[in-house]
Amino acid sequence: MDQLNIIQERLAAELAEMNAIIHSSLHTSNELMNQVVNNYLKVKGKQIRPIMVIISAGMFGGVNTHVLHAGAALEMLHNASLIHDDVVDETSLRRGKITVNAEWGNHIAVLVGDFFVSNALAAGIKTNNIAIISALSDLGKELSVGEVDQICNARGHHFDEESYFKMIRKKTASLFMNCVKMGAEAAGAKPSEYQPLVEYAELLGLCFQIRDDIFDYSENEVIGKPTGNDLREGKVTLPLLYALNSAPADMADPMKDLLRRGDLSNSEIDTLLDFAKNNGGIEYAYNRMRQMENEAENLLASYPENHWKQSFRDLFDYIIARHK
């Protein structure tokens with residue numbers, strides 16, 4: 001049993017209540033919508049984001065119905081982004097199951113994604129907290145801008161870490177940061193009380209994306225995407241960025257020329273992957289994550305020791321060590 005399973009067992013009752021809210025919120029009088037939504041909800045993801053909402057609330061006094069609605073809102077917003085991403089990426093499988101767009105077509109998939117967004121906002125309103133509603137709104141903007149930043153980085157051939165970290169802060173870390181903020185707000189905490197946890201969540205989110213990017217450099221059937229898929233989409237992630245900026249110019253420049261040219265063949269993708277691995281890119285990415293984990297631990301120092309705090313630690317360990 002890994003750390004995430006342990007956390008899920010600790011929060012089994014809270015997660016069950018939150019998932020009941022999601023099912024209830026998404027039920028309609030339209031049979032087709034119910035069929036598509038219910039089929040989609042049969043396979044749950046890891047639910048890391050609502051888990052963070054609940055843990056954050058636990059740090060500040062406990063879990064109430066507003067916390068559960070905040071978690072439901074974030075989970076629905078996250079799933080909306082996945083449904084829309086599958087349309088954009090023309091993905092046919094997610095979590096080992098056929099995607100909405102592959103089964104029902106892009107038109108239905110976009111509408112279902114929009115339906116999830118609307119219900120996320122409705123769940124946020126039920127918290128009666130304007131800070132939570134504002135966080136949901138800000139989050140939608142950050143996620144969209146982060147995705148566009150990634151497209152711009154690919155088209156502009158930005159091979160610097162600063163651009164990469166700026167992009168993943170918006171694309172991924174912002175969601176983790178808002179999880180903590182919304183959970184703490186729903187529990188009645190003040191911004192000054194939960195700010196260190198927001199910073200903790202930022203580091204956690206950055207590590208989540210770095211670990212996700214590392215998957216692209218190794219064969220793993222569990223992940224559900226082919227090796228080198230990021231490069232096929234023009235995305236240059238941390239392991240390769242490090243190699244491009246640290247290897248001798250006579251080795252790195254031909255790799256940069258390949259990336260600038262684009263439309264890479266399978267053999268060229270393999271060459272770039274091997275270049276990153278052979279020039280310390282994977283080790284560097286893991287080292288950066290461990291450094292962030294140490295920084296994050298310092299941010300927890302002011303909070304009392306309890307199972308909520310331990311759950312944050314367990315989650316960080318899980319994110320770095322996960323295999324899918």
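Predicted model: local features only at pLDDT ≥ 70, side-chain atom pairs only at ≥ 80, totals over all residues.
Colleague: What share of the contacts with a separation of 6 or more joins residues 24 or more positions apart?

Modeller: Of the 324 residues, 52% count as buried. As for those contacts, the share from residues 24 or more positions apart is 76%.

Colleague: Let's zoom in on helix H12. Which helices do its buried residues pack against?

Modeller: H12 covers residues 238–246, and its buried residues are Leu238, Pro239, Leu240, Leu241, Ala243 and Leu244. They pack against helices H9, H10, H11, H13, H14 and H15.

Colleague: Now charges. Which residue forms a salt bridge with arginine 169?

Modeller: A search of the whole structure finds 13 salt bridges. In one of them arginine 169 has its closest N atom 2.8 Å from an O atom of the partner, glutamate 202. That pair links distant parts of the chain, 33 residues apart, with arginine 169 in helix H9 and glutamate 202 in helix H10. So the partner of arginine 169, itself partly exposed at 37%, is glutamate 202.

Colleague: Lysine 235 also bridges to glutamate 233. Is lysine 235 buried or exposed?

Modeller: The two side chains meet at 2.7 Å, N to O. Glutamate 233 has 35% relative accessibility, so it counts as partly exposed. Buried means under 20%, and because lysine 235 is at 19%, it counts as buried.

Colleague: And arginine 290 with glutamate 293: what separates them in helix H15?

Modeller: Their side chains meet in a salt bridge of 2.8 Å, N to O. Arginine 290 is partly exposed at 40%, whereas glutamate 293 is buried at 15%. Because they are three residues apart in H15, the separation is about one helical turn.

Colleague: Last one: which residues are linked in a network of salt bridges?

Modeller: Overall, the mean positions of the 31 positive and 44 negative charges are 2 Å apart. The network of salt bridges links Glu297, Glu305, Lys309 and Arg313.

Terms used:
Residues numbered from 1 in each chain as written. Heavy atoms only, no water. Buried < 20%, exposed > 50% of the residue type's maximum accessible area, 1.4 Å probe, protein only. Contact = heavy atoms within 4.5 Å. Lys, Arg positive; Asp, Glu negative; His and termini not counted. Charge placed at Lys NZ, Arg CZ, Asp CG, Glu CD. Helix = DSSP H or I, 4+ residues; strand = E, 2+ residues; numbered from the N terminus. Salt bridge = Lys/Arg side-chain N within 4 Å of Asp/Glu carboxyl O.
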